[in-house]
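I opened the notebook to look up how the chains are built and where they pack. The entries follow in the order in which I checked things.

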Amino acid sequence: MTRKQIFINSAFTENAVWKQILGICSSLAVTNLMLNSLIMGMGVTFALALSCLTVSLIREYTPRSVRMIAQTLIMAAYVIMVDILLKAFLPQVSKQLGPYVGLIITNCILMGRLEAFASKNPPLDSVIDGIGAGFGYTLVLLLISFVRELFGFGTLFGFRILGSWWTNWSIMVMAPSAFFLLALLIWIVNNKYYKVV
Amino acid sequence: MENKTSFFDKPVWPVLFVLILSLVFVGILAVMYRASEPRIKRQQREAYEKTILSLAADSLASLSGLQAQALESDYPTSFKNHIGALDEDNFARKAFEVKYDGTPIAYVFDVGGKGLWGTMRALVATSLDLQTLLGLNVYDQSETPGLGGRIEEEWFTSQFKGKPILDNSSPIEFEMVPEGQKEIKPQQLRQITGATITSKAVVDMIRGELAQIAKSRTEEGK
Amino acid sequence: MEISAFLLFWAAIFTSNILLTNFLGMCSYLSVSKEVESSLGLGIAVSFVLVFTTALNWLAYHYLLVPFHIEYLQYIVFIIVIAAFVQLLELLIERFTPALYYSLGIFLPLITVNCAIFGVSLFMVIRNYNFLQSIAYGFGSGLGWLLAILMLAGLRGKLREKMVPAGLRGTGISLIITGIMALAFVGFSGIAPIQ
């Protein structure tokens, strides 16, 4: 596959969230605000890209029996780096995301890409695959949070869009809305993109 | 034909591999952490002080004729000029006094209490006689995001401004009313829809803490 | 810390269900909920892992990480504790109840990356629970997760797939059902008293 194909594949065709149903937990938790979604998406992409790179670089030397432990260790280390960077440079967002930054480690997307692609492919391809998956993930998050923030707070990225005539929809602030919106997104994608009849 | 087992086939290699990997990464993380620690601590201290400043800004604004906004943006100068830390032992908690022209005009206390899920901490500004609340900022809580977590929202905390909180040393009772209620009487407070327990917890925390502060003050004869 | 462990236990199941309110543990929840039996098995396994790993992680945090001022390594330590425990559990299950081992299949090792387990340990640290509270919270969360997956499995069993629009079959409808359940659980939010 060409580099471009790799990207398109992991970002759209085999999108982690709507196709592979991975990384759902955080997709629902941080999508109450667009800013949180963006930062979380960037954090995941950062950790994913670097993890893919590292795993790919040492794939020839990694003994088979400790493959998963090594992957987990590498992932966890990069996520801690993301956590430290957030706390140091974006403390407000860090507070909002809270424990969900740490939960990037258990985000199945990372383990999934590392196992499926990075452990078997050259470094640059793996990085692109990782960035693609992260990008696709961020996209889904932004789409859901767009609706949730707009109708739940009347703002987008903190900027007021809907005037004071708007009554906030409390449900958009709470858990259930994320479930419904994700289901809706999957439905639309299945019909338009994959032509599931 | 070579029949030597290479080092990499020995069972000790995987263990060694993981060990080396761990050491490398833990080492990198330790360096990153130490490097960023001072910055993070400084930011936390600044955020804390800015919160105290914003709680004090309204009282200062009415006396000094300056805009509350201007005072807040003038951090750290305005903080040094107007906020002084008080001896913790006097109040059994962190306390600050707000001064204008050297004269104290208000207090800010660091109070804590239990929420539904964990402890919560808040900075609360009161009048010098401790009878009236001047402001509230919940700065640490672990309530349910989107529900109890909304106690940090402006509309919730700002409703405490100007509320009488103590009658000498006894805490005043408040009536919790629905979030959407339009008319609010002085002894009523809006609670968060779906988070009535957390809302009440905040109110109880403030009442309890201030009652204690008042009692310890009269006991000390201050 | 004065919140009673007992209250925490009940609240973890209903008012702040780890899955329906905190969104954790979704991946295996969505995949395994096709059948009630495997859901029950997985749910019990998850509860078991939750109680023990929360307890172990509490010990690790308070006796290893804090004294040495290396709290920032908690992510690595916790995930390793969880991975090791699940590996151990897998060996035990394979030895003593092979039927369960085969029916759970791949999902047994996947318990390691179940965000609910890791998340509960993280929450325990953030909320500063003592040992008893942590166990109560871990156990309650496990039961809450079990409850959620059983409900979904039961509902999916009764669902006539043909009536669901093609694009929604499988994951889509599961998400909608979960959303409705989450809405219902919001109704519980007033029942746990503090004093």
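For the counts below I took helices as DSSP runs of H or I of at least four residues and strands as runs of E of at least two, numbered from the N terminus. The model is predicted.

Entry, chain B. I looked up the elements and found 6 helices and 9 strands in chain B. I then checked the extent: the C-alpha trace of chain B spans about 95 × 40 × 35 Å along its principal axes. The radius of gyration of chain B is 25 Å, whereas a compact globule of 222 residues would have one near 17 Å. I noted that 31% of the 222 residues of chain B count as buried. Of the contacts in chain B between residues at least 6 apart in sequence, 49% join residues at least 24 apart.

Entry, chain B against chain C. I listed the residues in contact: 16 come from chain B and 14 from chain C. On the side of chain B that touches chain C, helix 1 (12-64) and helix 6 (196-220) each supply at least two residues. I sorted the residues on that side of chain B by class and got 9 nonpolar, 6 polar and 1 charged.

Entry, chain A. Chain A has 9 helices and 2 strands, and I read their order from the N terminus as α-α-α-α-α-α-α-β-β-α-α. Chain A is as compact as a globular protein of its length, because its radius of gyration of 18 Å is close to the 16 Å that the globule rule gives for 197 residues. Its C-alpha trace spans about 60 × 50 × 25 Å along the principal axes. I found 56% of the 197 residues of chain A buried. Residues 24 or more positions apart make up 76% of the contacts in chain A with a separation of 6 or more.

Entry, helix 6 of chain A. Which residues of this helix are buried? I found Cys108(A), Ile109(A), Leu110(A), Met111(A), Arg113(A), Leu114(A), Phe117(A) and Ala118(A), which is 8 of its 11 residues. The cover over these buried residues includes helix 3, helix 4 (67-89) and helix 7 (123-153) of chain A, together with helix 2 (26-32) of chain C.

Entry, helix 3 against helix 6 of chain A. I checked the axes of helix 3 (residues 34-57) and helix 6 (residues 108-118): they come within 10 Å and cross at roughly 30 degrees. The crossing is right-handed. Among the residues in contact are Ala47(A), Leu48(A) and Ser51(A) of helix 3 and Ile109(A), Leu110(A) and Arg113(A) of helix 6. By class, I recorded 8 nonpolar, 2 polar and 1 charged residues in this contact.

Note on methods:
Residues are numbered from 1 along each chain as its sequence is written. Chains are lettered from A and ligands numbered from 1 in the order in which they are written. This is a predicted model: local features need pLDDT of at least 70, side-chain atom pairs count only at pLDDT 80 or more; totals for chains, interfaces and linings use all residues. Axes are lines fitted to C-alpha atoms, for helices over the stretch in contact, and angles run from 0 to 180 degrees between N-to-C directions. A crossing is left-handed if the near helix is turned anticlockwise from the far one by less than a right angle, and right-handed if clockwise. Two residues are in contact if their C-beta atoms, placed from the backbone, lie within 7 Å. Ala, Val, Leu, Ile, Met, Phe, Trp, Tyr, Cys and Pro count as nonpolar, Asp, Glu, Lys and Arg as charged, and the others, Gly among them, as polar. A residue is buried if 20 or more other C-beta atoms lie within 10 Å of its own, exposed if 12 or fewer, and partly exposed in between; C-beta atoms are placed from the backbone. The radius of gyration is taken over C-alpha atoms; the globule rule is 2.2 Å times the number of residues to the power 0.38.
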